[in-house]
Amino acid sequence: MTITVSTDGSALGNPNGPMGWGWADHELATGGKPGHHHDSDCDAGGATNGTNQIGELCAVLEALRAHPGSEPLVIETDSQYAINCSTTWVHGWEKNGWEEIHIGTAIDAEISKRPGPVKFVWVKGHAGNAGNEKVDELARTYAGDCRSKIREGYLPLEGWQSLLASEYSQGTDV
């Protein structure tokens, strides 16, 4: 049985605006597939500053961590950047010194240790895809909530490390 999740990131005023990320299972309404259980069917987070790209990668990382099993995992995203970073570019990041290295290394480690296969699928954004629309809303809402101080920042450790190592960390409320 294949598990499919959608992921997305958002930055209001990219770069260096409030940032959000989100992932969601496609089995939201049915309570999941038999044998597929974890603490939540979606998650979101963000920060007062950031980039769309860091948000997209945080969403992928957190989706992988929420789905550690042996079932095949399909990650749908409207971001070619997230797909390329997660599958191809990560291996050259350390050499190039990109700020996303912390997230990229963590994504690569999660994929490597996961017993089940991971496949990335690109979907057109803002085109009525229910999963993509859901995670876009999760990411944008969290970014907006960070901007208005309704919620505090919530990123994986590697997301914070990547953000704080970037040129967009000034003014970040950690």
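## Close-up views of the predicted model

**View 1. The largest nonpolar core.** The largest nonpolar core comprises 27 residues, and Val5, Val60, Ile75, Ile107 and Leu155 have the most contacts inside it. A nonpolar core is a set of buried Ala, Val, Leu, Ile, Met, Phe, Trp, Tyr and Cys residues joined through side-chain atoms within 4.5 Å. Two or more residues each come from strand 1 (3–11), strand 2, helix 1 (52–66), strand 4 (73–77), helix 2 (80–96), helix 3 (101–113) and helix 5. Helix 1 gives the most, nine residues. Helices (H or I, at least four residues) and strands (E, at least two) are DSSP runs numbered from the N terminus. The model is predicted: local features need pLDDT of at least 70, side-chain atom pairs count only at pLDDT 80 or more, and totals for chains, interfaces and linings use all residues. Residues are numbered from 1 along each chain as its sequence is written, and side-chain values use heavy atoms, with hydrogens and water left out.

**View 2. Surroundings of Val5.** Leaving aside neighbours within four places in sequence, Val5 is in contact (heavy atoms within 4.5 Å) with Trp23, Ala24, Asp25, His26, Ala63, His67, Leu73, Val74, Ile75 and Glu76. A second, separate core has seven residues, among them Ala24, Cys42, Val135 and Tyr142.

View 3. Buried means under 20% relative accessible area, exposed over 50%, and partly exposed in between (1.4 Å probe, protein chains only). Met19, Trp21, Trp23 and Asp25 lie on one side, with Gly20, Gly22 and Ala24 on the other. Strand 1 runs antiparallel to strand 2 and is joined to it by seven bridges; two strands pair if DSSP finds at least two bridges between them. Gly9 stands opposite Trp21. Six bridges pair strand 2 with strand 3 (residues 42–47), also antiparallel, and here Met19 stands opposite Ala47.

**View 4. Aromatic pairs.** Rings of Phe, Tyr and Trp (its six-membered ring) pair if their centres lie within 6.5 Å; planes under 30 degrees apart count as stacked, over 60 as edge-to-face and the rest as tilted. The count by this rule is two aromatic pairs. Trp21 and Tyr154 form a tilted pair, 5.7 Å centre to centre with 40° between the planes. Trp21 in strand 2 (residues 19–25) and Tyr154, in the loop between helix 4 (130–147) and helix 5 (157–164), are 133 residues apart. Trp21 is buried at 0% relative accessible area, whereas Tyr154 is partly exposed at 34%. The ring centres of Tyr81 and Trp89 are 5.9 Å apart and their planes meet at 65°, so this pair is edge-to-face. Trp89 is partly exposed, with a relative accessible area of 34%.
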